[in-house]
Amino acid sequence: MSEKKLILVLGATGAQGLAVIDALLAAGADGSPSPYAIRALTRNPDNKRAQDLKAKGVELVKGSFEDFPIVYEALKGVYGAWINTDGFTVGEVRELYAGMRIFELAKQVGTVRHYIWSNLDYSTKKGNYNPDYKVEHYDGKGRVGEWMKAQESDTSVNGMTWSAVTTGPYMDMLKIVMFGPLKQLADGTFVFASSIGNGHVPMIALSDLGFFARYFFDHRVEVSERTSRSRARWSAGTGPDGVVETVQARDGPKGGSQLRATLEREARQWRQNFSAFWRQWRDDVITRDMEWIKSVNPNGHTLESWMRANNYTGKLDLSTLKSIEDAAQFRTDAPS
C-alpha cells in the first residue's frame, strides 16, 4: 500500500474543518481506502472536538494559526494544506497578515504540493468599494485571495499549486438563530425572516464543502489557481413547507456574542458589519459560477434537498458552529 498524503488542516475543530477532514478521510467511491492522512492544528488538543479527531487517527499539533514558528513546523512533510483562519477571533488586519504569512511559510517548507485557502468574497471590491458593502470578516479573507492571484502556482512535480475555495453561509446554519426560522405556523410551515428582499444568499451544505475539499486535493493540477465558489441560493419561497418573510433591518439583525474579534482602529461595530453582510445579499453583489459548480458536483444539495436529507425540523443546535458552542459553554461556566 502506498504511503498516504499528509494534509495539514487549520481550523480543524470548527464546522468547516470537521467536514473537510471527514471528506478527506472517507473511502473512495469504489470503496478504496482514502489516500490521505490528517494533521490538525488546534489551540486545545484536550477539547472534545480535538479528541474526537484523534480517535479518527488525526495527528494533533497544539498551536494557533498566528504561532508562525509552530505553523512552519506543522507544514513540514505535508503534501497539502487546507488553511481556514478565524477572522472572528483576530480581526480583519491580523487575518490579512496571517493569510499571507502562512502562504509564504508553505512555500519556504518546500514539501507542500497543493495549498488551499478557505476564502470568502472580497465584498468591498465586489461592491465597487462602496462602504455599504464593507464586511470585515469577508474582506480579510478576500484580500488574501486577491493577493494569491499574484503568486505562482507551480504545477510541476515538485512545485506548489494553490487554489481558493470561496464559501459563504452554510445551509447547516439554519440551525442557529441568524438563519433559523422566525416561527412555525399552525399548519407546520416554517417562516424565515430576511432583510434581503429579492436578493439571494449563496449557501453551501457542509457536506458539499467537504466534497470540494476532496475534489481539489484529488485534482491538484486541474484546479491550479482555481477559485471555486459555493452553490445553492437562499431566496423568497425556498425550501419545503417554508416561506421567507421580508423585514426591514436598518441596523442588521441583533445578537453577536459569537463575534469576539479584536476591535482595531478601523474596525466597525458588529451591527454595522452584519448590516453590510445582509446588504451584499440583498443587492446581489455576490454571484456564483453555477455552471462550473454543477459540472463538478452535480449531486450537490439545493436548500430543499438539504432540508429533506437532514429531516429539518427548525430546531436550533448550538453545536453547529464552534464559536457559538464555545460562547454557550463560556456562559455555562461563568460564575453566577
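Where is the place of Y129? Y129 lies in the loop between α6 (123-126) and α7 (136-148), where helices (H or I, at least four residues) and strands (E, at least two) are DSSP runs numbered from the N terminus. This is a predicted model, in which local features need pLDDT of at least 70, side-chain atom pairs count only at pLDDT 80 or more, and totals for chains, interfaces and linings use all residues. Residues are numbered from 1 along each chain as its sequence is written, and side-chain values use heavy atoms, with hydrogens and water left out.

Most residues other than glycine have a negative phi.

D284 is partly exposed, with a relative accessible area of 33%; buried means under 20% relative accessible area, exposed over 50%, and partly exposed in between (1.4 Å probe, protein chains only).

Strand β7 (residues 183-184) pairs with β8 in the antiparallel sense over two bridges, pairing being assigned if DSSP finds at least two bridges between two strands. K183 has V191 of β8 as its bridge partner, and the two strands form a hairpin with five residues between them, where G188 in the turn has a positive phi of about 95°. Strand β8 (residues 190-194) is mostly covered, since four of its five residues are buried.

Helix α8 (residues 206-218) has 13 residues and should span 18 Å at 1.5 Å a residue, which agrees with the 18 Å between its end C-alpha atoms; the expected span is 1.5 Å times one less than the number of residues. Among the buried residues of α8 are L206, F212, R214 and F217.
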